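My notes are below, entry by entry.

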Amino acid sequence: EMTKNLPIAVGPELLELWKEYEAGTSEEAKLVKDMDKLEMILQALEYENDGKNGKSLDGFFDSTRGKWRTSIGKAWGEEIESRRSSQKRSLDNDGVEDEAESKKQKAS
């Protein structure tokens, strides 16, 4: 169905490449799958950081954990999660400091 409007010479090759990607049967397909996942969690991280999204985006990160197919995908995924954790800790600490400062000012 995907290839029916493509030139005959291109359609079958494109379909085979798609099947290879979906099955992850080549190193290239595994890398592209990982890049897809990385793009997804980077986008989720961007949404978290823009301050406009009040919903949890944990599901995006949860869906990639332990599913990397390449060492570079795993390393980059772990780095993105590490940066996300650091940012969350920093925000949590800012909130604690803001609350302590507010209590201090009320006591004065």
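These are my notebook entries on what I looked up.

**Ground rules**

I am working from a predicted model, in which local features need pLDDT of at least 70, side-chain atom pairs count only at pLDDT 80 or more, and totals for chains, interfaces and linings use all residues. I number residues from 1 along each chain as its sequence is written, and side-chain values use heavy atoms, with hydrogens and water left out.

**Entry 1: the overall layout**

I looked up the secondary structure and found 4 helices and 0 strands in the protein chain. Helices here are DSSP runs (H or I, at least four residues), strands are runs of E with at least two, and numbering starts from the N terminus. Read from the N terminus, the order is α-α-α-α.

Next I asked how much of the chain is buried. Buried means under 20% relative accessible area, exposed means over 50%, and partly exposed is in between (1.4 Å probe, protein chains only). I also noted an accessible surface of about 8,300 Å², with 54% of it belonging to carbon and sulfur atoms. These areas come from the Shrake-Rupley method with a 1.4 Å probe, and for residues only the protein chains shown count as cover.

I then checked contacts, meaning heavy atoms within 4.5 Å. Among contacts with a separation of 6 or more, 54% join residues 24 or more positions apart.

**Entry 2: helices α1 and α2**

I compared helix spans with expectation, which is 1.5 Å times one less than the number of residues. Helix α1 has 13 residues and reaches 18 Å from its first C-alpha to its last, close to the 18 Å expected. For α2, the 23 residues should span 33 Å, and the end C-alpha atoms are 33 Å apart, which agrees.

Gly 24 follows α1 and has a positive phi near 65 degrees. Just after α2, Gly 51 also takes a positive phi, of about 80 degrees.

**Entry 3: the core**

Which residues make up the largest nonpolar core? I listed 8: Leu 38, Ile 41, Ala 44, Leu 45, Leu 57, Phe 61, Trp 68 and Ile 80. Such a core is a set of buried Ala, Val, Leu, Ile, Met, Phe, Trp, Tyr and Cys residues joined through side-chain atoms within 4.5 Å. Helix α2 gives the largest share of this core, 4 residues. As background, nonpolar side chains tend to be buried together in soluble globular proteins.

Leaving aside neighbours within four places in sequence, Ala 44 is in contact with Leu 57, Phe 60 and Phe 61.

**Entry 4: salt bridges**

How many salt bridges are there in the whole structure? The search finds 11, each being a side-chain nitrogen of Lys or Arg within 4 Å of a carboxyl oxygen of Asp or Glu.

I started with Arg 84 and Glu 48, whose side chains meet at 2.7 Å, N to O. This pair links distant parts of the chain, with Arg 84 in helix α4 (residues 71–107) and Glu 48 in helix α2 (residues 27–49), 36 residues apart. Arg 84 is buried at 6% relative accessible area, whereas Glu 48 is partly exposed at 23%.

I then found Asp 58 and Lys 88 bridged at 3.5 Å, N to O. Asp 58 lies in helix α3 (residues 58–62) and Lys 88 in helix α4, so the pair ties together parts 30 residues apart in sequence. Asp 58 is partly exposed at 30%, and Lys 88 is partly exposed at 37%. I wrote down that Glu 48, Asp 58, Arg 84 and Lys 88 are linked in a network of salt bridges.

My last pair was Arg 83 and Glu 79, at 2.7 Å, N to O. Both lie in helix α4, 4 residues apart, about one turn of the helix. An α-helix has 3.6 residues a turn, so residues three or four places apart point the same way. Arg 83 is exposed at 52%, and Glu 79 is partly exposed at 38%.

**Entry 5: a loop glycine**

I placed Gly 66 in the loop between α3 and α4. Gly 66 is exposed, with a relative accessible area of 78%.
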